[in-house]
Amino acid sequence: MSNSPAACSRSWSISDDSLRRYVFFASESCIQELLSASDSNKVGNNGDGWKVLAFDNGVEVSKRRSGSLHTFRSRWLLRSVSPRQFITVANAIDAAKQWDPDLVEAKYIKDLEDNLNIIRLRFGENSKSLFRNREFIVYERRETMDDGTLVVAVASLPKEIAAGLHPKQNNAIRGLLLQSGWVVEKLEDDSCMVTYVVQLDPAGWLPKCFVNRLNTKLVMIIENLEKQAQDCPTIGDT
């Protein structure tokens, strides 16, 4: 265990109330980014920077780049699956399980409110690419918009706050997940339109082979979560 000043200076200890205020403020912009990415009037319009990469089994996968930031978006119309059914299984932990079978640990480390949590995700040495031997300390915020649209916003906490909540293990690399999450829009006949956005900053060029694998993963994530949602009880749906 290290108590050096250098190590301590990179760790902030804040109260639950301060953490709650920070996460609420930070997640507001994340929610707006997600709603913008899911705007049906913009989908497929290259004018906003999105480029369609693949259309597989009804899932459209597109990508947008700004500087070193790579944003991937997948959309799918889920028939006979209500928003409530889907969002029950579409949380940060269940989505992470679809990313990689080598997810070593996924747990809630702090509950700030009913719809606001802090989560730790840890991937093993056998994980792929940007997830290998990495751990993520993220917030997860769930909100229902006035029109019934459900949003789940997920992003990493600043490294100093994350270190104060959960010190990094010696053999792990603290990863960074930028503004990401779900938007689930209610449609007729108890169906929904799902948009999943994940933003990565690899601090450089993404190899084409990695982009291709990520496309496949985005399709698999929604397919797997759809199967889980179909098995989910419909209690509470209206």
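Predicted model: local features only at pLDDT ≥ 70, side-chain atom pairs only at ≥ 80, totals over all residues.
View 1. Buried here stands for under 20% relative accessible area, exposed for over 50%, and partly exposed for what lies in between, with a 1.4 Å probe and protein chains only. Across the protein, buried residues make up 45% of the 238 residues. Residues are numbered from 1 along each chain as its sequence is written, and side-chain values use heavy atoms, with hydrogens and water left out.

View 2. Strand S3 (residues 69–78) is largely enclosed by the rest of the structure, because 8 of its 10 residues are buried. Helices (H or I, at least four residues) and strands (E, at least two) are DSSP runs numbered from the N terminus, and two strands pair if DSSP finds at least two bridges between them. Strand S2 (residues 59–66) pairs with S3 in the antiparallel sense over 7 bridges, and within this pairing serine 62 has arginine 73 of S3 as its bridge partner. Strand S10 (residues 192–200) also runs antiparallel to S3, joined to it by 9 bridges, with tryptophan 76 standing opposite valine 194 in S10.

View 3. Glutamate 140 is found in strand S6 (residues 134–144) and counts as buried, since its relative accessibility is 0%. Leaving aside neighbours within four places in sequence, glutamate 140 is in contact (heavy atoms within 4.5 Å) with residues including Asn91, Tyr108, Asn115, Asn117, Ile119 and Val152.

**View 4. A network of salt bridges that includes Glu135 and Arg174.** A salt bridge, taken as a side-chain nitrogen of Lys or Arg within 4 Å of a carboxyl oxygen of Asp or Glu, occurs 13 times in the whole structure. Glu105, Lys107, Arg120, Arg122, Glu135 and Arg174 are linked in a network of such bridges. The side chains of arginine 174 and glutamate 135 meet at 2.6 Å, N to O; this pair links distant parts of the chain, with arginine 174 in strand S8 (residues 173–174) and glutamate 135 in strand S6, 39 residues apart. Glutamate 135 counts as buried at 0% relative accessibility. Lysine 107 and glutamate 105 form a salt bridge at 3.5 Å, N to O, where lysine 107 is partly exposed at 35% relative accessibility and glutamate 105 is partly exposed with a relative accessible area of 21%.

View 5. Aspartate 17 and arginine 21 meet through their side chains in a salt bridge of 2.3 Å, N to O. The two residues are separated by about one helical turn, because they lie 4 residues apart in helix H2 (residues 16–37). Aspartate 17 is partly exposed, with a relative accessible area of 40%.
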